[in-house]
Each structure stands twice: as structure tokens, then as C-alpha cells.
Amino acid sequence: MEEKRTAGAQIKEIAERLGVSRSTVSVVLGGRGDSVRISKETQKRVQDMAREMNYRPNIYARRLRHAEEEIPYVIAVFWRMDSLNSRLGRFIRGLYEAAERKKCKVEMVIQPYKPGELMTHVDMLSGNRISGAIISGLSTADQRELEQGEYSVPIILIERESARFHCIMMDTYRTGEQCIAYMAAPDVKTAAFIGFNNNNRSERKMEAGYAYGCRDLGIKVKEDWNAYLEYSSYENGYGAAEKVLTHVELPSAWLVADCRLAGGIVDCCHDRGLRIPEDIRLIFFEDSEILKYNKPPLSSVDVPVYEMAQAALDIVTLNPQMDIPIRRELAPLYFIRESSGKP
């Protein structure tokens with residue numbers, strides 16, 4: 001209940017407890033105590049009481065008061081902790097560049113969260129602290145809890161479907177099918193998938209599309225040939241490749257769920273005397289500058305992050321009160337290089 005109090009109510013209570021005016025509390029918490037000559041002692045008393053009461057400022061209202069020309073949009077970006085990779089940086093850049101093109105002011109609040117703990121930040125979605133929220137990496141449990149609440153700002157889910165909230169995604173099932181199609185050739189008879197144990201629904205759909213695409217092309221996939229990791233690293237990439245290569249019948253086409261595993265996988269193949277793409281064909285999920293400078297250059301399929309960011313900003317600025325969910329599906333980006341062989 002303490003967390004759900006409005007900033008105005010908290011300022012009033014701080015003022016009453018200290019026996020000072022509400023304007024004094026507001027000025028101090030707004031960082032303007034020195035400029036209006038409030039004593040250091042009073043400023044410290046106010047700040048100490050604010051910490052004691054777990055004061056949460058109304059950031060949107062504060063920016064609105066100080067905006068002389070244009071009220072900025074304050075967007076909260078919730079990003080899952082185990083997915084804090086380059087995609088977040090590209091997404092933030094996409095939001096910034098989209099705002100520049102639209103000539104609108106945007107301020108961003110980045111809130112990492114652990115799987116299953118999104119609702120500890122749910123107070124940010126009520127009141128007028130932000131203009132909209134973008135949430136990436138929702139687990140099934142997080143989404144189930146989220147959809148039970150009532151919120152006063154537009155909520156946009158990235159790579160998740162919802163009948164209630166706005167959604168922006170790409171067809172990861174079709175992406176998996178297309179990846180094996182790019183690697184298919186008469187001499188490709190077996191395939192493997194390297195992914196993660198993080199219950200990522202988009203990844204599971206991509207793996208399913210990959211498996212069904214293999215079946216349609218007569219390419220064999222066995223569960224034992226696949227590898228599932230806890231996180232991305234060179235060592236984990238090398239170890240995953242070693243696991244796949246322990247089988248008597250070696251998979252000759254691999255779809256790998258993270259390009260950060262590329263260094264370990266490629267080195268392991270080289271250490272085993274296996275050639276890419278002659279012996280093993282590779283496609284990695286998400287692109288990186290490093291992939292195209294590898295020898296041979298490595299193929300990848302990437303999320304259209306910039307387009308997703310632009311679509312999210314369009315939804316926030318279009319009509320914050322729109323109660324009809326918008327669903328946008330964007331096409332993936334394919335970078336087909338030597339490692340996947342000739343399509």
C-alpha cells in the first residue's frame with residue numbers, strides 16, 4: 001500500500017511529519033533547495049524522511065512542470081535480466097532515432113527484471129508517472145499475472161501475443177522453417193538445434209518451426225542431438241558443440257539461438273577437423289558485426305529491432321487511451337553468408 005501512494009500524498013505526509021510546507025518538500029525533492037535558499041539542515045531532514053517513507057517521485061508530472069516547449073513522453077522499457085544483450089542497446093537506439101524522426105521528445109526509464117518478478121514493478125504502470133510501457137521477455141507466469149490487473153497507461157508486449165495488450169512480434173515459427181530451408185541441400189541429412197533452458201516462448205516456437213521444416217525436407221532431427229544452455233559464453237558455445245559432435249551420426253545443419261556462442265562453436269569444429277560449410281552448415285540467431293568477418297563469414301537471422309522500436313513509439317504517441325489492442329508482425333532480417341552453404 002505504501003508503494004501505491006501517489007507522489008502528492010507522500011509529499012503532504014512528509015510536510016506534516018516535519019512541520020514544514022508542502023512547497024518546501026516539493027522544492028527539496030525536486031533538487032532546487034539551494035536555488036531557493038532552503039537551509040542545508042531542512043534539506044537533509046526532508047531527504048531523510050523521504051528515504052524513510054520510500055518516497056517515489058511522479059517523474060512524468062515533474063517533467064511536465066519543467067517542460068517549457070513540449071511535454072515529453074516518458075516511456076518505461078522493461079527488459080528481462082537474462083536477455084540484457086546488444087538487442088536492448090539497439091532497441092533504445094531505435095526508440096531514440098524514431099523520436100528524432102517524429103520530432104517528439106521522449107525520455108526513457110530502463111527497468112531490468114528477473115523472470116517471474118515483473119509484478120514487483122507493477123506500480124509504475126498505474127497513475128501518471130509514465131506515458132507508456134514496453135515489456136520484453138515475458139514469461140507465461142508474468143503475463144498471466146499482468147493480465148489480471150488494471151492499468152492507466154498503454155502497454156506494449158514485445159514477442160508475446162495478447163488479446164488485451166498491444167503486441168509487436170515476428171513469426172519465429174516461420175523463421176525456424178526458413179533457416180533450415182537456407183541450409184538444405186542433397187547432402188544434408190541431419191540437423192541439430194542449440195538453444196537455452198530459459199523457457200523463452202519465441203525460441204521454442206523457432207525450434208518447433210525448425211524441426212517441422214526439417215521433417216518436411218526429409219532431414220532427421222533427434223532430441224539427443226540438441227543442446228540447451230544456461231547462458232551465452234565462448235566456453236558454453238564450445239561445450240555445446242562438443243556435445244553435439246559426440247554422436248556417431250553427426251548433424252550437418254545447426255541452428256544456434258545466440259550469435260554470442262559463435263566463437264566457441266566455430267573453434268570446436270575447427271579443432272575437430274570439421275569444415276564449415278562442407279561438413280557442418282551454421283545459421284545463428286541475431287546478427288553481429290563479428291559474424292561477417294569470421295572465416296568463413298557466418299549466416300544469421302536477426303530481429304527487426306529498429307522497426308519494433310518505431311512501431312512501439314507509434315502506438316504510445318498515437319492515442320494513449322486506445323482500448324483496441326494493436327498487433328504488428330514484422331519480417332525477420334536474413335544475412336545469408338558462406339556458413340550456411342548455397343541456399
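Student: What should I know before reading the values?

Tutor: This is a predicted model, in which local features need pLDDT of at least 70 and side-chain atom pairs count only at pLDDT 80 or more, while totals for chains, interfaces and linings use all residues. Residues are numbered from 1 along each chain as its sequence is written, and side-chain values use heavy atoms, with hydrogens and water left out.

Student: How many strands does the open sheet have, and in what order do they stand?

Tutor: Helices (H or I, at least four residues) and strands (E, at least two) are DSSP runs numbered from the N terminus, and two strands pair if DSSP finds at least two bridges between them. Here six strands form an open sheet in the order E2-E1-E3-E4-E5-E12, with parallel pairing. Strand E2 (106-113) and strand E12 (327-330) are the edge strands, since each pairs on one side only. From one strand to the next, the twist averages 15°; axes are lines fitted to C-alpha atoms, for helices over the stretch in contact, and angles run from 0 to 180 degrees between N-to-C directions.

Student: How many bridges join E3 to E4?

Tutor: Strand E3 (residues 132-136) and strand E4 (residues 155-158) run parallel and are joined by four bridges. Ser-136 stands opposite Ile-158 in E4. Helix H5 (residues 86-102) lies across strand E1 (73-80), E2, E3 and E4, and runs at about 165° to E1.

Student: Is Ile-158 buried or exposed?

Tutor: Buried means under 20% relative accessible area, exposed over 50%, and partly exposed in between, with a 1.4 Å probe and protein chains only. Ile-158 has 3% relative accessibility and therefore counts as buried. Contact means heavy atoms within 4.5 Å; leaving aside residues up to four places away in sequence, Ile-158 touches Phe-91, Ile-134, Ile-135, Ser-136, Gly-137, Ile-168 and Met-308. Ile-158 and Ile-168 are ten residues apart in sequence, and their C-alpha atoms are 5.1 Å apart in space.

Student: Which residues have the most contacts inside the largest nonpolar core?

Tutor: A nonpolar core is a set of buried Ala, Val, Leu, Ile, Met, Phe, Trp, Tyr and Cys residues joined through side-chain atoms within 4.5 Å. The largest one has 67 residues, and those with the most contacts inside it are Phe-91, Ile-168, Ile-194, Tyr-210, Trp-254, Ile-265 and Phe-284. Helix H12 (residues 305-318) gives the largest share of this core, eight residues. Another core, of 17 residues, lies apart from it and includes Phe-78, Leu-125, Tyr-151 and Phe-165.

Student: Why do the buried residues of H8 line one face of the helix?

Tutor: An α-helix has 3.6 residues a turn, so residues three or four places apart point the same way. In H8, the buried residues are Ser-202, Glu-203, Met-206, Glu-207, Gly-209, Tyr-210, Gly-213 and Cys-214. Seen down the axis of H8, these fall within an arc of 160°, so they line one face; the arc is that of the directions from the helix axis to the C-beta atoms. On the other side of H8, Arg-215 and Asp-216 are exposed. The cover over the buried residues of H8 includes helix H7 (172-183), strand E6 (190-196), strand E7 (220-221), strand E8 (227-229), strand E9 (253-256) and E10.

Student: Which backbone details deserve attention?

Tutor: Most residues other than glycine have a negative phi, and most peptide bonds are trans. Lys-103, by contrast, has a positive phi near 55°; Lys-103 lies in the loop between H5 and E2 and is exposed, with a relative accessible area of 70%. Glu-159 also has a positive phi, near 65°, but counts as buried at 13% relative accessibility. A cis peptide bond joins Ile-276 and Pro-277, with omega about 10°. The bond from Lys-295 to Pro-296 is cis as well, with omega near 0°.
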